Amino acid sequence: MSRPRRRRKVDAARLAAYTALHRISVEDAYANLVLRDATRGLAARDASWVTEVVSGTSRLRGTYDRIITEAGGRPVEKLQSSVLDVLRMASHQALSMRTPAHAVVSESVDLAAQVVGERVTGLVNAVTRKILAKDLAGWTEQLTGGADPELARSIRHHHPAWIVHAYQDSLPADEVELALAANNIAPATQLVARPGLVTRDELLAEAVEVGLSGDPIDLVSTAITVAGDPGKLPSVITGRAAVQDAGSQLVTLALTRALAAEAGQRGSAPRVLDLCAGPGGKSALLATAVPTARLLAAELHPHRAELVRSSLRTVPHDRWAVICADGTQPAWAPNIFDAVLADVPCTGLGALRRRPESRWRRTDADLTELVALQRSLLDVALDAVRPGGIVGYVTCSPHPAETVELVDEIRATRGDVEVVAPTGMPDDARRGDYVQLWPHRHGTDAMFLALLRRR
């Protein structure tokens with residue numbers, strides 16, 4: 001007589017983590033968005049566990065896939081996607097969370113039985129046990145044995161090799177590993193105190209009142225960090241403050257300072273264009289930092305345009321307009337703006353610490369199409385400003401093709417562009433004529449800025 005099969009039971013947190021990871025891998029969903037759904041209704045401890053599993057597994061996915069290939073004796077492409085996500089979760093719990101081995105095996109088998117079926121439990125059991133045979137350092141040693149230095153570095157720091165190559169082209173040799181390591185550390189939440197609406201000191205006081213710890217960020221006068229849920233702060237609820245990386249604040253304010261320096265060449269109400277405005281954080285900072293400005297915010301996607309409108313809700317409505325428009329097909333006349341912010345679509349290599357899945361989603365093949373789009377948008381931005389007007393070209397990437405090489409090419413091919421030296425920047429942010437921020441140096445996303453004046 002056969003023994004009855006034991007009843008499988010998977011707790012809600014584990015199932016939520018799996019569902020989020022599966023959406024990221026199969027639907028190309030964004031980790032921050034699926035985590036918001038996955039943790040809704042969970043107790044704080046369970047929500048924290050789900051966040052660590054989803055973010056950590058997403059961050060180390062490429063490394064875990066190599067380990068699963070070695071442990072399973074087959075390429076991960078041969079595995080059913082649901083089975084692969086169960087094994088990725090098992091890898092993170094076993095190698096990065098110090099979960100007891102017996103719990104990793106039993107819980108992974110139970111999860112596989114529920115989301116796939118009993119037929120895969122033997123495979124999951126066997127592969128998980130082989131993963132547990134070594135710790136992460138042991139697997140890293142095995143995977144890097146005989147590998148060339150660039151590939152070994154990519155495995156050690158959990159980045160695709162093409163990103164490692166780009167960092168090596170952008171940094172002194174002794175900083176490359178520091179920069180890669182910084183991408184694997186989840187950042188503190190950073191807020192912007194929107195000028196004229198709330199001061200930084202007032203925002204810090206609010207944090208204390210609602211039981212959060214907060215600290216000012218020396219890099220920029222509008223920024224603080226908070227530990228805890230920023231949605232509890234009254235100023236965040238009302239839109240006087242918002243979550244925004246300090247680097248994003250810094251490059252936006254550099255454009256407003258350059259605009260102020262050109263005040264003698266225009267009237268009292270400068271016209272400003274935010275060329276790729278969604279989701280609206282930079283638009284709101286432009287509008288509040290330059291209270292006399294008339295802002296036009298252009299965004300291609302309607303749902304993101306609504307986010308821009310929401311970000312601007314605390315600014316008088318007669319001072320701004322939001323339109324759905326393709327930045328490469330301008331819906332405005334040329335030569336009319338005093339300043340344009342061109343925060344262009346990019347690979348996002350500068351935000352890998354807060355978007356853990358994106359490093360495995362992009363490839364170097366994406367650069368060709370992106371760079372062509374960036375070049376087109378920068379040309380449109382330069383055509384939109386009047387002679388003497390300022391363009392802030394911004395990307396959240398340090399890749400040379402999206403930053404220095406592209407701007408140098410524009411300067412070489414157009415005869416009406418000169419560089420403006422930004423003020424208020426840290427000395428170690430200089431990258432030739434431009435600005436490059438780094439997580440490991442500045443505690444910000446790796447934002448790039450070129451300020452350009454149209455002659």
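Close-up 1. The closest N and O atoms of the Glu357–Arg361 salt bridge are 3.9 Å apart, a salt bridge being a side-chain nitrogen of Lys or Arg within 4 Å of a carboxyl oxygen of Asp or Glu. Residues are numbered from 1 along each chain as its sequence is written, and side-chain values use heavy atoms, with hydrogens and water left out. As the model is predicted, local features need pLDDT of at least 70 and side-chain atom pairs count only at pLDDT 80 or more, whereas totals for chains, interfaces and linings use all residues.

**Close-up 2. Salt bridge between Arg375 and Glu409.** The side chains of Arg375 and Glu409 meet at 3.2 Å, N to O. This pair links distant parts of the chain, with Arg375 in helix 18 (residues 366-384) and Glu409 in helix 19 (residues 404-413), 34 residues apart. Helices (H or I, at least four residues) and strands (E, at least two) are DSSP runs, numbered from the N terminus. Arg375 is partly exposed at 26% relative accessible area, and Glu409 is also partly exposed, at 34%.

**Close-up 3. Salt bridge between Glu206 and Arg240.** A salt bridge of 3.7 Å (N to O) joins the side chains of Glu206 and Arg240. Glu206 belongs to helix 12 (residues 200-209) and Arg240 to the loop between helix 13 (234-238) and strand 4, so the pair ties together parts 34 residues apart in sequence. Glu206 is buried, with 9% relative accessible area, while Arg240 is partly exposed at 26%.

Close-up 4. The strands follow the order 2-3-1-4 with antiparallel pairing; two strands pair if DSSP finds at least two bridges between them. Strand 2 (213-216) and strand 4 (241-243) are at the edges with a single partner strand each, so one side of each has no neighbour in the sheet. Strand 1 (residues 189-193) pairs with strand 3 (residues 223-227) over four bridges, and Gln190 has Thr225 as its bridge partner in strand 3. Strand 2 and strand 3 form a hairpin with six residues between them; here, Gly214 is the bridge partner of Val226. Four of the five residues of strand 3 are buried, so this strand is largely enclosed by the rest of the structure.

Technical notes: Buried < 20%, exposed > 50% of the residue type's maximum accessible area, 1.4 Å probe, protein only.
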